[in-house]
Amino acid sequence: MRTTKWLVLAAALLLQPALAAEVGGVKLEDRIKLGTAELSLNGAGVRTRAFFKVYAIGLYLPERKGAADAVLALKGAKRIHIVTLRDLTAQQFADALTEQITKNHSEAELAALKPAMDEFRATLLALNAAPKGASIDIDFAPETGTRLVFNGQTRGKAIAGEDFYRALLRIWVGDKPAQSDLKDALLGKGD
C-alpha cells in the first residue's frame with residue numbers, strides 16, 4: 001500500500017510542468033511550444049541598469065547551445081521571453097533595443113536592417129508602456145518571421161526573414177551585449 005502511494009505521488013510530480021528557472025522572482029518553464037515547435041530554455045537572467053532590475057529574460061531554442069555563434073546560426077523557431085521588473089515606457093524599451101542593435105552591427109548591416117527596425121520600433125511604440133509584470137515575447141517562426149507578443153496578444157505585423165531576429169539576439173548574445181553576465185546566463189553559463 002505504501003509503495004502504491006509513493007508511485008502515485010511520483011507520477012503526479014512528473015506530470016507537473018517543469019520549472020527550469022526562477023530569475024528576478026519570475027518563474028520560467030523548462031520547455032514551451034511555439035506553433036508546432038518544442039523549445040527548451042537555453043538560459044535566463046536579469047537585465048540590470050545601474051542598481052535597478054529592469055527585466056527578467058529567458059532564451060528558448062530548439063536545442064540548447066552554449067556559444068553565441070551557435071545560437072546565432074541555429075535555424076528554426078526561437079523565443080525571447082521578457083517580464084518587466086519595473087515600469088517602462090515603450091520609448092525607453094524601443095530606444096534601448098535600437099541602441100544595442102546599433103552597437104552590434106556595421107553601417108552597411110544597419111542600412112539593410114533599417115526597414116525591419118523601423119517596423120518593429122513602431123510596433124513597440126504603439127504599446128505606450130510596459131508596466132511592471134508585463135510579458136513580452138519576441139518570437140521567430142520560419143514560416144512567418146519575427147513577431148511581438150505583449151501580454152499574450154500579438155502586436156504589429158510579422159517581419160519576414162531570419163536576419164532581423166539574429167540582429168535582435170545580438171542585443172543579448174552579440175559581441176557587444178547589453179550586459180556581459182546576462183549574455184553568459186542566456187548561454188547557460190550563469191550561476
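My entries on helix packing, pockets and cavities follow.

**Ground rules.** I am working with a predicted model, in which local features need pLDDT of at least 70, side-chain atom pairs count only at pLDDT 80 or more, and totals for chains, interfaces and linings use all residues. Residues are numbered from 1 along each chain as its sequence is written, and side-chain values use heavy atoms, with hydrogens and water left out.

**Entry 1, α3 and α4.** I began with helix α3 (residues 90-103) and helix α4 (residues 107-125), whose axes come within 10 Å and cross at roughly 165°. That makes α3 roughly antiparallel to α4 (under 35 degrees is roughly parallel, over 145 roughly antiparallel, 65 to 115 roughly perpendicular, the rest oblique). The contact (heavy atoms within 4.5 Å) uses A90, Q91, F93, A94, D95, L97, T98, I101 and T102 of α3, and L110, L113, M117, F120, R121, L124 and L125 of α4. Sorted by class, I noted 11 nonpolar, three polar and two charged residues there. For the classes, Ala, Val, Leu, Ile, Met, Phe, Trp, Tyr, Cys and Pro count as nonpolar, Asp, Glu, Lys and Arg as charged, and the others, Gly among them, as polar.

My notes on terms: helices (H or I, at least four residues) and strands (E, at least two) are DSSP runs numbered from the N terminus. Axes are lines fitted to C-alpha atoms, for helices over the stretch in contact, with angles from 0 to 180 degrees between N-to-C directions.

Next I turned to α3 and α5, whose axes come within 8 Å and cross at roughly 95°. That makes α3 roughly perpendicular to α5. L97, Q100 and I101 of α3 meet F164, A167, L168, I171 and W172 of α5, a set with seven nonpolar, one polar and no charged residues.

I then checked α4 with α5: they pack at an angle of about 70°, with axes 10 Å apart. They are therefore roughly perpendicular to each other. Here L113, A116, M117 and F120 of α4 touch D163, F164, A167 and L168 of α5.

How many cavities of 30 Å³ or more does the structure hold? I found four. On a 1 Å grid over the protein atoms alone, a cavity is a set of points where a 1.4 Å probe fits but cannot get out; a pocket is an open set with protein on both sides within 12 Å along at least five of seven lines; lining residues have an atom within 4 Å of a point. Points are joined across faces, edges and corners, and volume is the space filled by probe spheres set on them.

The largest cavity has about 60 Å³. Its lining is A94, L97, T98, I101, M117, F120, R121, L124 and F164, and the elements giving two or more of these residues are α3 and α4.

About 310 Å³ lies in the largest pocket. Of its 17 lining residues, R49, V54, L88, Q92 and A96 lie nearest the centre. β4 (37-49), β5 (52-61), α3 and α5 (163-173) each supply at least two lining residues, and α3 gives the most, with six. I counted the lining as 10 nonpolar, two polar and five charged.

The second largest pocket holds about 180 Å³. Its lining includes H105, E109, F164, R166 and R170, while α4 and α5 each supply at least two residues. By class, this lining has six nonpolar, two polar and four charged residues.
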